[in-house]
Amino acid sequence: MVYVPEGEFLSRIGPTEFLKDLEKHAGLDAVHEWKKLLDAVLPLSAAAMALPPISIRGDLGILSTAAARYAPSLFKSFIQMGPQGALGATKLLRPFSEIVDSLELKDPFVRNWVDLLCFLLAGVKSDGTLSAEIVYMFAEWYKPGCSLEYPLHGSGAVVDALVRGMQKFGGRLALSSHVEEIVVENGRATGVRLMNGQFVRAKSAVVSNASMWDTLSLLPRDVVPNSYQDRIKATPQCESFMHLHLGFDAKNIPDDLGIHHIVVNDWKRGVDADQNVVLISVPSVFGKDLAPEGKHVLHAYTPGTEPFGIWEGLDRRSAEYKNLKTERSEVMWKAVERALGPGFRREDCEVKLVGTPLTHKRFLRRNRGTYGPAIKAGEATFPGHSTPIPQLFCCGDSTFPGIGVPAVAASGAIVANSLVSVSQHNDLLDAVGI
């Protein structure tokens, strides 16, 4: 469900469903411009999707696992696009706004909608989002026959599956084991020291998926080149989050309640303005085992738009902090009330948990509670996965391809691929049929 200044509608995926809502809430001009955008973007998706992220690695072995292996499919995709389309494919490494501008799209709703999609995916608007990333997702959302999947038993089931896979092949997961320091011996990363003093030695490498700022704080300063430290310190940051977690009775809630809701209060302020956009998820709509019988669980949040500065230095036990939590969470409460209807009463909630940027910083161990680097396509690029310290690699949203689950998953795969031989990598691609 989408709640925008123009009205409310259920945003469906597929090439035509969205057009009906677009005509109703924005007019025929918006429909024509949206069709024009899809006609330009969807053919580019063949090039964006022709090289699977799982084929990429961080060394010259990529010539075997990606370039040679997928050259025929890449060539075929360029042939299918024709000369004009192939020329357009060069824009995939530029900001998505350049594609929008080149099509001379003027409709305010279309441009706002594109900015919203880009911001929710990558943490920046269309003028900072890599075209390849949004083109890839457009194909997932708007191609004929596309569908969205939701994991049985909720998103936690995906985590459980990854853990099972890791353990199946001899991996071990250590919880409640905070890393105090990345240990560097003779110039090479050799392991990590935990807060309890335990040393865990690395067999082949240390991989950090912490942010670039947090990884830097775990390293002895005397082993990190000044140029590397300066680049990290100079990298701009996205803002942080407000969170609202609720548990409540489903008795007075509509039976047809949707799982996801987006609320935009004011397009003029911009989708990246604080206290303006709220996202809501009610996973118990699909996953009945995610809440007690007859109950719902809900998560609402402001997507990387909450300034850390207004929270910095506050004592989490102080009245000032509690009052600010009440004030800054009100926008989420109002969004939830709008989405759930008159049957919902905030005073009847059995669970009420408000999270702030300080919560985000503490529980996720994120520098300033940040969403990640605010790196804009066309102005800078996300760093690669190797570091100046041998045997230390980085993955996650501080590395290429960037912010967002698809990009972060790709970064992890790239590092994993880089740690095995080319032949092992090719065997893996054969095994998964890619």
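## Packing of α6 and α7

Helices α6 and α7 pack at an angle of about 105 degrees. Their axes lie 11 Å apart. That makes α6 roughly perpendicular to α7, because angles of 65 to 115 degrees count as such. The model is a predicted one.

Which residues of α6 meet α7? They are W113, L117, C118, L121 and A122. On the α7 side, the partners are E133, I134, M137, F138, W141 and Y142. By class, this contact holds 10 nonpolar residues, no polar ones and one charged residue.

## Salt bridges across the chain

Side chains of opposite charge can pair when their charged atoms come close. A search of the whole structure finds 22 salt bridges.

How exposed are the two partners? K125 is partly exposed, with a relative accessible area of 26%. D272 is partly exposed too, at 38%.

## K295 and E350

K295 forms a salt bridge with E350. Here the closest N and O atoms are 2.7 Å apart. The partners are 55 residues apart and come from distant parts of the chain. K295 belongs to strand β10 (residues 295-306). E350 lies in the loop between α11 (319-340) and β11 (351-355).

K295 has a relative accessible area of 25%. It is therefore partly exposed, since that class runs between 20% and 50%. E350 has a relative accessible area of 53% and is exposed.

## A buried pair and its network

E306 and R328 meet through their side chains in a salt bridge, with an N to O distance of 2.9 Å. E306 is in strand β10, and R328 is in helix α11. The two residues are 22 residues apart, and the pair links distant parts of the chain.

Are E306 and R328 buried or exposed? Both E306 and R328 are buried. The pair also belongs to a network. Salt bridges with shared partners join E306 and R328 to R269 and D274.

How values were computed: Residues are numbered from 1 along each chain as its sequence is written. This is a predicted model: local features need pLDDT of at least 70, side-chain atom pairs count only at pLDDT 80 or more; totals for chains, interfaces and linings use all residues. Side-chain values use heavy atoms; hydrogens and water are left out. A salt bridge is a side-chain nitrogen of Lys or Arg within 4 Å of a carboxyl oxygen of Asp or Glu. Buried means under 20% relative accessible area, exposed over 50%, partly exposed in between (1.4 Å probe, protein chains only). Helices (H or I, at least four residues) and strands (E, at least two) are DSSP runs, numbered from the N terminus. Axes are lines fitted to C-alpha atoms, for helices over the stretch in contact, and angles run from 0 to 180 degrees between N-to-C directions. Angles under 35 degrees count as roughly parallel, over 145 as roughly antiparallel, 65 to 115 as roughly perpendicular and the rest as oblique. Contact means heavy atoms within 4.5 Å. Ala, Val, Leu, Ile, Met, Phe, Trp, Tyr, Cys and Pro count as nonpolar, Asp, Glu, Lys and Arg as charged, and the others, Gly among them, as polar.
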